[in-house]
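Thanks for asking me to look this one over. Here are my notes, point by point, to read with the model open beside you.

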Amino acid sequence: AGNLYAMGRIAKQAGIENLERPADRWLLDACRLTWRAKLHLHLMLDLFNQATEKAEAEAAGLRSEGCDVKAVACDATSPESVAKLAQTISERGGFHAIVQVAGLSPATGTFRQIIDVNLRGAALVAQALRPLARPGSVAILVSSLSAHRYFPSDEMVAILRDPTANDLAERLEKLVGPEAAKTGVGYPISKWGMNFYCRRQAPAW
């Protein structure tokens with residue numbers, strides 16, 4: 001939904017409409033490519049750079065107080081980015097505690113984004129860092145009361161058994177249907193799935 005909205009804004013800004021004229025489809029494809037190949041990439045890089053700068057500023061403040069701090073920007077929804085985070089933590093001697101607080105509310109993300117960040121991202125980070133855990137290490141994944149007010153179907157539970165799957169959000173969206181996916185249902189699903197993941201991972205931790 002977010003991609004379609006962005007492409008629609010580009011088309012509106014350029015005065016492009018689908019009026020069934022011979023060139024309309026080509027022009028709309030140009031809008032799609034503009035978003036996917038140009039603007040989306042630049043926006044993501046800009047946001048990532050902003051996050052890096054903000055994290056480093058916070059780290060500098062803590063270092064001024066005598067703390068040993070290293071700031072690392074990480075896209076929790078990217079296995080490659082999470083792997084780099086794990087490598088950095090490993091090189092610095094491991095960890096005592098993980099506190100996974102990255103998340104989106106129903107007002108700040110689409111259905112797929114909420115599932116990807118709140119559930120898949122949390123599971124990717126916990127999965128990547130568990131091999132680095134040692135006696136006394138803990139992982140804290142922040143959930144919500146909404147998880148206790150949601151009751152998924154057996155079919156949904158089967159999908160949620162693999163929270164790190166690349167197509168997790170797509171499969172869940174298909175299951176609930178496009179209309180339901182437009183509501184805030186993604187949030188309680190993401191938090192129920194997180195609780196489910198934590199319960200199943202508790203023995204390993």
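Leaving aside neighbours within four places in sequence, which residues is Ile 189 in contact with? Keep in mind while looking that this is a predicted model.

1. **Ile 189 and its partners.** The contacts of Ile 189, beyond four places in sequence, are Phe 111, Ile 115, Tyr 150, Met 156, Leu 160, Leu 172 and Val 176.

2. **The largest nonpolar core.** This core has 24 residues, and those touching the most other members are Phe 111, Ile 115, Leu 160, Leu 168, Leu 172 and Ile 189. Two or more residues come from each of the helices α4 (111–129), α5 (154–160), α6 (168–176) and α8 (186–201). The top contributor is α4, with six residues. A separate core of 10 residues lies apart from this one, and Ala 76, Val 82, Ile 98 and Leu 124 are among its members.

3. **Overall layout.** Eight helices and two strands make up the list of elements, and along the sequence they come in the order α-α-α-β-α-β-α-α-α-α. The C-alpha trace spans about 65 × 45 × 25 Å along its principal axes. Of the 205 residues, 33% are buried. If you count contacts with a separation of 6 or more, 71% of them are between residues 24 or more positions apart. The protein exposes about 13,000 Å², with 56% of that supplied by carbon and sulfur atoms.

4. **The two strands.** β1 and β2 run parallel and are joined by four bridges. Within this pairing, Ile 98 stands opposite Ala 139 of β2. Strand β1 (residues 97–100) has two faces: Ile 98 and Gln 100 are on the covered one, while Ala 97 and Val 99 are on the uncovered one.

5. Ile 140 belongs to strand β2 (residues 138–141). Why is Ile 140 classed as partly exposed? Its relative accessible area is 42%, which falls in between the cut-offs of 20% for buried and 50% for exposed.

6. **Thr 88 in α3.** Helix α3 (residues 79–91) holds Thr 88. With a relative accessible area of 18%, Thr 88 counts as buried, because buried means under 20%. Not counting residues up to four places away in sequence, Thr 88 touches Lys 70 and Val 72.

7. **Salt bridges.** The count comes to four, and three are worth a look.
   - Arg 92 pairs with Asp 68, their closest N and O atoms being 3.0 Å apart. Arg 92 sits in the loop between α3 and β1, and Asp 68 in the loop between α2 (24–64) and α3, 24 residues apart. Arg 92 is partly exposed at 45% relative accessibility, whereas Asp 68 is exposed at 69%.
   - Arg 112 and Glu 173 meet at 2.6 Å, N to O. Arg 112 is in helix α4 and Glu 173 in helix α6, so this bridge ties together parts 61 residues apart in sequence. Arg 112 is partly exposed, at 37% relative accessibility.
   - Lys 182 and Glu 179 meet at 3.5 Å, N to O. Lys 182 is exposed at 65% relative accessibility, and Glu 179 is exposed at 56%.

Definitions and conventions: Residues numbered from 1 in each chain as written. Predicted model: local features only at pLDDT ≥ 70, side-chain atom pairs only at ≥ 80, totals over all residues. Heavy atoms only, no water. Buried < 20%, exposed > 50% of the residue type's maximum accessible area, 1.4 Å probe, protein only. Core = buried A, V, L, I, M, F, W, Y, C linked by side-chain atoms within 4.5 Å. Contact = heavy atoms within 4.5 Å. Areas by Shrake-Rupley, 256 points an atom, 1.4 Å probe, with all protein chains shown as cover. Pairing = 2+ DSSP bridges. Salt bridge = Lys/Arg side-chain N within 4 Å of Asp/Glu carboxyl O.
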